[in-house]
Amino acid sequence: MSDVMLHATSQDPDSFAVQIADSIESFIVATTEVAKGDEPDSAVPFMLLEISQLLLTGGRLGAHEDIVPDERYEPDTGPDVDVDDLRERFAVLLDPVDIFSEVFDPYEPRKAPVACRISDNLADVVTDLRHGLAHYKAGRVSEALWWWQFSYFSNWGPTASATLRALQSLVAHVRLDQPLDELDGLDTDEDLAEEVLAEEAGKVMAEELAGPLGMRTVT
């Protein structure tokens with residue numbers, strides 16, 4: 001389907017392109033508002049909801065047949081919008097629970113966990129989504145859908161999924177009255193070997209699970 005045909009149906013609220021674009025733009029707006037820090041106590045559960053909804057949109061893109069853009073080379077959208085302010089605001093808002101451990105590929109055996117930041121992840125996701133939105137608003141709908149689908153598989157999908165797991169864990173710790181211990185050793189600014197990161201991540205998980213499972217305290 002050409003850009004012209006897709007754009008012709010863009011006013012139909014039931015069209016696939018419009019629904020995807022509306023969901024993505026809604027996420028960007030909501031995330032930007034949360035980053036302002038006006039309601040810090042509700043930031044984590046609100047972002048849990050927003051990322052859950054975004055991943056539903058990503059699932060629709062992932063289940064869709066491969067989208068092929070009309071042009072062989074991607075048109076220039078100009079410089080990407082700077083997200084450093086968004087990143088920094090979330091880093092302050094989420095401190096000291098910003099850092100978490102993640103395994104990038106669950107199907108790769110014995111892959112060590114690495115330290116990540118929720119603030120970095122949110123900024124990266126927004127950057128990917130804005131790039132596609134620039135194409136969409138310029139009328140290059142098939143290009144936008146192709147970019148959102150491609151980057152869902154290659155970057156923002158895994159990144160958003162990891163962030164969702166971290167946020168869900170935080171909410172669960174609060175609701176189940178299971179306080180988090182300080183995440184000593186998990187620091188993305190340090191150049192730690194994979195073995196060290198794996199050991200530290202293991203300590204964190206053991207300390208979190210020791211009480212509820214009746215295990216001895218880890219020293």
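Begin by selecting helix 2, which passes helix 6 in a left-handed crossing, a crossing being left-handed if the near helix is turned anticlockwise from the far one by less than a right angle, and right-handed if clockwise. Helices (H or I, at least four residues) and strands (E, at least two) are DSSP runs, numbered from the N terminus. This is a predicted model, in which local features need pLDDT of at least 70 and side-chain atom pairs count only at pLDDT 80 or more, while totals for chains, interfaces and linings use all residues. Residues are numbered from 1 along each chain as its sequence is written, and side-chain values use heavy atoms, with hydrogens and water left out.

With helix 6 (residues 141–175) also selected, the two axes lie 11 Å apart at an angle of about 60°; axes are lines fitted to C-alpha atoms, for helices over the stretch in contact, and angles run from 0 to 180 degrees between N-to-C directions. That makes helix 2 oblique to helix 6, since angles under 35 degrees count as roughly parallel, over 145 as roughly antiparallel, 65 to 115 as roughly perpendicular and the rest as oblique.

Next, display the side chains of Phe-16, Ala-17, Ile-20, Ala-21 and Ile-24 in helix 2, which meet Val-141, Leu-145 and Trp-148 in helix 6, contact meaning heavy atoms within 4.5 Å. The residues of this contact divide into 8 nonpolar, no polar and no charged, where Ala, Val, Leu, Ile, Met, Phe, Trp, Tyr, Cys and Pro count as nonpolar, Asp, Glu, Lys and Arg as charged, and the others, Gly among them, as polar.

Move on to helix 4 (residues 84–94), whose buried residues are Leu-86, Phe-90, Leu-93 and Leu-94 (buried means under 20% relative accessible area, exposed over 50%, partly exposed in between, with a 1.4 Å probe and protein chains only). They cover an arc of only 80° around the axis, which puts them on the same side of helix 4; the arc is that of the directions from the helix axis to the C-beta atoms. Their cover includes helix 2 (16–35), helix 3 (43–63) and helix 5 (118–137), whereas the face turned away from the buried side carries the exposed residues Glu-88 and Val-92.

Then select Asp-80, in the loop between helix 3 and helix 4, which is partly exposed with a relative accessible area of 47%. Leaving aside neighbours within four places in sequence, Asp-80 is in contact with Thr-127 and His-131; the C-alpha atoms of Asp-80 and Thr-127, 47 residues apart along the chain, are separated by 7.2 Å.

Finally, show the whole protein chain, which has 7 helices and 2 strands.
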